[in-house]
Amino acid sequence: MTTEEFCLRLSKDCGVAPGDHVLAAVSGGADSTALLCFLCAARERMGISVSCAHVEHGIRGEASLADMAFVQALCERRGVPLYVSRVDAPGLAAAEGCGMEDAARRLRYGFLERTAREIGADAVALAHHALDQAETVLLHAARGSDMRGLSAMSMRRGAFIRPLLLSAPEELRAFLAAQGETWREDETNEDLRYARNRVRRRALPELERSCPGAGAALCRLSRAAGRDEDFFSHQIASLGIALVPLADGAALERGRLASLHEALQSRVLARAFERAGLPVSSAALEQVQALLGARAAGAAGLPGGGEARLGERYLCLVRPGAEIPDTALSPEGETRTPFGVFRVHEARGGETGDGKTSQLIPAHLLAHARVTARREGDAMIPFGRGGGAKLKKLMIDAGVERAMRRSVPILRSGDTILWAAGLRAGECCRVREGETARLVEWIRRAEDLR
């Protein structure tokens with residue numbers, strides 16, 4: 001790859017424009033060293049700024065420190081500002097019971113994101129190349145991924161760019177040789193305890209022997225899958241399907257969802273899983289689609305945690321046991337809560353509210369009011385009724401589906417329920433003559449799934 005070709009990929013495929021600031025993640029290996037050298041060559045041609053970030057993971061002792069020294073020297077020669085972080089990946093892996101690779105990756109990406117924000121970088125460049133892409137496609141396929149997983153890595157996703165994604169590692173080493181640049185070798189790349197190394201050292205070579213060009217074919221598959229996913233994304237955007245945010249998940253209208261072709265349905269569900277804060281997997285998506293196909297109301301536990309609950313009107317994806325914190329209501333202005341935004345202001349022109357999305361409430365009751373989830377045994381005296389009623393019974397009578405009841409915001413003052421937003425107000429909200437009152441509005445907007 002020439003510098004001209006690199007600049008074309010940087011602008012056309014990665015969306016980097018003149019004047020942009022690019023932060024390069026550099027480990028000191030051949031691929032990331034080539035990335036930094038290409039970016040330095042593009043610096044003058046494209047009028048961009050280049051900085052470098054390096055993470056010392058605390059895994060390889062003296063070798064890791066030598067990598068850091070190598071990157072420091074490289075940045076000094078190339079005139080590139082360097083930002084370094086030393087982290088404890090083994091400590092995080094032990095504390096959270098995760099794999100070393102996962103711990104290192106989380107710490108690395110966290111540092112890259114923080115640094116990019118602090119220095120005002122427009123993009124974070126990663127050194128993944130074509131062989132990395134082939135490995136990723138193969139691993140995702142073996143783990144049962146759907147087409148989204150087969151799309152693997154993209155040239156740009158959010159702030160992260162991968163301008164070398166179409167280049168073979170041999171090309172990058174040839175470029176460095178022509179530049180007279182050396183690089184560092186990471187001995188853990190040969191460690192077959194890691195799944196990616198086993199794929200790189202064993203699986204892919206065997207595939208190449210059986211099917212010459214297998215690696216390139218896997219990359220083509222990734223590009224084809226990515227093209228199809230882009231098409232489906234446009235289709236979903238045109239459907240106008242709304243997602244109802246829940247305090248502990250997300251909900252979709254059952255009838256609208258059930259009417260979709262399975263290909264669109266699975267992709268809508270995947271987006272809903274992400275908004276609900278649940279892990280997305282092919283197994284989980286298939287389980288929810290089977291629940292929809294059964295047509296009867298029901299529930300299913302999902303692989304990786306979470307639960308799908310199918311009611312009369314909605315499919316709810318929830319995080320069982322999710323903490324829903326109480327939020328003190330500001331007596332004036334906006335308060336953001338897990339249930340949406342509450343806005344308090346002086347009533348205008350005789351406003352009293354509709355009892356569902358807004359309610360007039362005596363000001364003295366709002367002094368110490370809090371927005372909470374429903375609690376076991378909650379009861380209230382509904383507006384206009386002489387006697388009390390269990391909140392659960394009021395929700396059942398109003399047709400609030402079971403999975404959505406924790407997401408009904410309860411405005412309370414001490415032990416007194418002032419208002420079950422979306423449902424009805426309490427008798428205590430009746431404003432007496434001469435009392436000062438405030439209008440409380442509840443704003444929960446359905447989200448577009450585009």
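**Helix and strand packing in a predicted model**

Modeller: Helix 2 (30-46) and helix 6 are among the elements that cover the buried residues of helix 8. Contact here means heavy atoms within 4.5 Å. This is a predicted model: local features need pLDDT of at least 70, side-chain atom pairs count only at pLDDT 80 or more, and totals for chains, interfaces and linings use all residues. Residues are numbered from 1 along each chain as its sequence is written, and side-chain values use heavy atoms, with hydrogens and water left out.

Biologist: Which residues of helix 8 are buried?

Modeller: P169, L172, F175 and L176, in a helix that spans residues 169-179. Buried is under 20% relative accessible area, exposed is over 50%, and partly exposed lies in between (1.4 Å probe, protein chains only). Helices (H or I, at least four residues) and strands (E, at least two) are DSSP runs, numbered from the N terminus.

Biologist: How do those buried residues sit, seen down the axis of helix 8?

Modeller: They fall within an arc of 120°, so they line one face of the helix. The arc is taken from the directions from the helix axis to the C-beta atoms.

Biologist: And what is on the face turned away?

Modeller: Exposed residues: E170, A177 and A178. After helix 8 comes G180, with a positive phi near 75°.

Biologist: Back to helix 6. At what angle does it pack on helix 10?

Modeller: Helix 6 (residues 130-142) and helix 10 (residues 214-239) pack at about 75°, with axes 8 Å apart. Axes are lines fitted to C-alpha atoms, for helices over the stretch in contact, and angles run from 0 to 180 degrees between N-to-C directions. The two helices are therefore roughly perpendicular (65 to 115 degrees).

Biologist: Which residues meet there?

Modeller: From helix 6, A130, Q133, A134, V137 and L138; from helix 10, G215, L218, C219, L221 and S222. By class, the contact has seven nonpolar, three polar and no charged residues. Ala, Val, Leu, Ile, Met, Phe, Trp, Tyr, Cys and Pro count as nonpolar, Asp, Glu, Lys and Arg as charged, and the others, Gly among them, as polar.

Biologist: New topic: strand 22. Why is it largely enclosed?

Modeller: Strand 22 (residues 437-443) has five of its seven residues buried, so the rest of the structure largely encloses it.

Biologist: Which strands pair with strand 22?

Modeller: Strand 14 (residues 340-345) pairs with strand 22 in the antiparallel sense, over five bridges. Strand 15 (residues 358-362) also pairs with strand 22 in the antiparallel sense over five bridges. Pairing requires at least two DSSP bridges between two strands.

Terms used: Angles under 35 degrees count as roughly parallel, over 145 as roughly antiparallel, 65 to 115 as roughly perpendicular and the rest as oblique.
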